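Reader: I'm new to this one and would like to be walked through it slowly. Could you put it up on the screen before we start?
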Amino acid sequence: MDKNVTTIIEKLKKIPHCEGIVYAGSRADGDFVATSDYDFTVLISKGKSYFKIFWFKGLLVDMLCATAEVIEK
């Protein structure tokens, strides 16, 4: 994993009720271009599921926070 991924994961771990994080998508697969986004799914133990897009060091990050019930659907 590159340094950006490690830093983003450390930030995502601070999300309330975080139980786990999945890093996926083209960057995780190693098949990306310079402008490819980072894709993360954050498993939360409780609360409302939500999707958020934000910028990190000029790179787009897609984040889905979801409970196991939502992910299983």
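Reader: Which residues make the nonpolar surface patch of about 280 Å²?
Author: In this predicted model, Phe 51, Ile 53 and Leu 64 form that nonpolar patch, with an area of about 280 Å². A patch takes residues with over 30% relative accessible area and no salt bridge, joining like charges within 9 Å and nonpolar side chains (Val, Leu, Ile, Met, Phe, Trp, Tyr) within 5 Å. The areas themselves come from the Shrake-Rupley method with a 1.4 Å probe, and for residues only the protein chains shown count as cover.

Reader: Where is Leu 64 placed, and what is its relative accessibility?
Author: Leu 64 sits in strand S4, and it counts as partly exposed because its relative accessibility is 31%. For these words, buried means under 20% relative accessible area, exposed means over 50%, and partly exposed lies in between, with a 1.4 Å probe and protein chains only. Strands (E, at least two residues) and helices (H or I, at least four) are DSSP runs numbered from the N terminus.

Reader: Before going on, what should I know about the numbering and the cut-offs?
Author: Residues are numbered from 1 along each chain as its sequence is written, and side-chain values use heavy atoms, with hydrogens and water left out. As this is a predicted model, local features need pLDDT of at least 70 and side-chain atom pairs count only at pLDDT 80 or more, while totals for chains, interfaces and linings use all residues.

Reader: OK, charges next: which residues form the positive surface patch?
Author: That patch is made by Lys 3, Lys 11, Lys 14 and Lys 57. Lys and Arg count as positive and Asp and Glu as negative, whereas His and the chain ends are not counted; the place of a charge is taken as NZ of Lys, CZ of Arg, CG of Asp or CD of Glu.

Reader: And where is Lys 57 found?
Author: Lys 57 is in the loop that runs between strand S3 (50-56) and strand S4 (59-66), and it is classed as exposed because its relative accessible area is 62%.

Reader: What is the phi of His 17?
Author: His 17 has a positive phi of about 70°, and it is not a glycine either. This residue lies in the loop between H1 and strand S1 (18-24), and it counts as partly exposed because its relative accessibility is 38%.

Reader: What does Ser 45 touch, leaving aside its neighbours in sequence?
Author: Once neighbours within four places in sequence are set aside, Ser 45 is in contact with His 17 and Glu 19, where contact means heavy atoms within 4.5 Å. Ser 45 belongs to the loop between S2 and S3, and the C-alpha atoms of Ser 45 and Ala 34 are separated by 34 Å, although these residues are 11 apart along the chain.

Reader: How many salt bridges does a search of the whole structure find?
Author: The search finds one, a salt bridge being a side-chain nitrogen of Lys or Arg within 4 Å of a carboxyl oxygen of Asp or Glu. Glu 10 and Lys 13 are the partners, with 3.2 Å from N to O. Glu 10 is partly exposed because its relative accessible area is 42%, and Lys 13 is partly exposed because its value is 48%.

Reader: What about Asp 37, is it buried or exposed?
Author: Asp 37 is buried yet has no salt bridge, and the nearest side chain of opposite charge, that of Arg 27, is 6.3 Å away. Asp 37 is placed in the loop between helix H2 (25-29) and strand S2 (38-44), where its contacts, apart from neighbours within four places in sequence, are Arg 27, Leu 60 and Asp 62.

Reader: Last one: where is Met 1 found, and what does it touch?
Author: Met 1 is in the segment before helix H1 (3-12), and it touches Ile 9 and Tyr 23, not counting residues up to four places away in sequence. Met 1 still counts as exposed because its relative accessibility is 74%.
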